[in-house]
Amino acid sequence: MHRRRQQLRAKIIATGSYVPERVMSNFDLEKIIDTSDEWIRERTGIRERRIAHEKEAASDLAYEAAKSALKRADIKAGDLDLIIVATVTGDMSLPATACLVQEKLGIKKAAAFDVNAACSGFLYGLSIADSFIKSGAYKRILLVGAEVLSRITDWEDRTTCVLLGDGAGAVILEAADDDRGIMSTRLMSDGSLWDLLHVPGGGSRHPASKETVKKKMHYLKMKGNETFKIAVRALENLVVETLKENKLKLSQLSLLIPHQANLRIIQATSERLGISMDRVFVNIEKYGNTSAASIPIALDEAVRQGRIRDGDYILLEAFGGGLTWASALIKW
Ligand code: COA
């Protein structure tokens, strides 16, 4: 633990991402379930998604994303104080996937743990990392969102399998003294709506058994239509409140990076807010919904495409199982 200092800010000094090689297109899905490329594109905006190799687990994807971020930050893994992995598809239920990433990075000094807040997981992790840095507890943190959703996907359920994909994104956060970095984070949840999006089997409520497997309880279940409506309302409020808290106008925002769940959710939220789509980052067509990995992958692509400049205000927002929703305002 480091000594408390005044006015520290958590700054993202580098981003990285990794997606598995295998591309599964909507046309590939047409061959296994009753769906069409046209339906998927019109209802979700998705054209294709990545599917992890059978030998790849969440920590493998996370490790690749982490390596890429470390390289761009030009620091060694040994310089990290803390590793946080946001995931709902960790390699095992125990230990934390963050510990497995630590092993792969070959470091022993850092602390490591996972965060489970489904699609909002990366932003929950960002808020935790921000607090640790502001308090002076840690100086340099690796935060990764990594998911292998294809392992909890029911490939016979057309209402969910067309939506999901695999991938990982990472950021390195560092304590900085200037006025740039994370301005604020906002975390919300409503546990009364847990059953809109959940995996019923394999935990202590319904431990894995022949019965749970037969009933497909190890797969993700979603009430898509209800989730959709709640998401749009919650995200609109979230963005409005985040801007208000920071005394910013929507016009001052350079880029909105939403969780990539459904293009129609992104468009509906943007429309209600009155922000034009050229200031909203979208890459859902390539990856589908990668849950906790979606925002860090989008952020990495936005940085690499030169869509974020020093001093820009960018807002990240997500919504997902829990239900949980969250935002982060960053001065880049
Ligand atoms: N291919 C073809 N038809 C499909 C289909 C598919 N993959 N999935 C569903 N359908 C059918 C339904 O069976 C239904 O048919 P019916 O009218 O004969 O009963 C019809 O399409 C409409 O279904 P509905 O569920 O009302 O569609 P929708 O417009 O709500 O779109 C989702 C479905 C899942 C794409 C949409 O609800 C969604 O994206 N919800 C948000 C989910 C989400 O992002 N959750 C995660 C938050 S992190």
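**Exercises: the ligand and its surroundings**

Of the 23 residues around the ligand, those that come nearest are Thr 35, Arg 43, Asn 225, Asn 262 and Phe 319; a residue is near a molecule if one of its heavy atoms lies within 4 Å of it. This is a predicted model, in which local features need pLDDT of at least 70 and side-chain atom pairs count only at pLDDT 80 or more, while totals for chains, interfaces and linings use all residues. Residues are numbered from 1 along each chain as its sequence is written, and side-chain values use heavy atoms, with hydrogens and water left out.

**Exercise 1.** Find polar contacts of the ligand (pairs of N or O atoms within 3.5 Å).

Solution.
- Step one: a backbone N or O atom of Arg 158 is 2.9 Å from a nitrogen atom of the ligand.
- Step two: the side chain of Asn 225 has an N or O atom 2.9 Å from an oxygen atom of the ligand.
- Step three: for Arg 264, a polar side-chain atom lies 3.4 Å from an oxygen atom of the ligand.

**Exercise 2.** Which elements supply the shell around the ligand, and why does the ligand lie between two domains?

Solution.
- Step one: helices (H or I, at least four residues) and strands (E, at least two) are DSSP runs, numbered from the N terminus.
- Step two: α2 (37-44), α6 (158-161), α8 (224-245), α9 (263-273) and β12 (313-320) each supply at least two shell residues.
- Step three: α8 gives the largest share, four residues.
- Step four: domain 1 (2-179) and domain 2 (183-331) both give residues to the shell, so the ligand lies between them. The domain bounds come from an automatic or database domain assignment.

**Exercise 3.** Locate two cis peptide bonds and a residue with positive phi.

Solution.
- Step one: most residues other than glycine have a negative phi, and most peptide bonds are trans.
- Step two: Leu 94 and Pro 95 are joined by a cis peptide bond with omega about 5 degrees. Pro 95 is in the loop between β4 (82-86) and α4 (97-105).
- Step three: the bond from Gly 322 to Leu 323 is also cis, with omega near -15 degrees. Leu 323 is in the loop between β12 and β13 (324-331).
- Step four: Lys 247, not a glycine, has a positive phi of about 55 degrees. Lys 247 lies between α8 and β11 (253-258), in a loop.

Note on methods
Polar contact = N/O pair within 3.5 Å; in protein donor to acceptor, adjacent residues only side chain to side chain.
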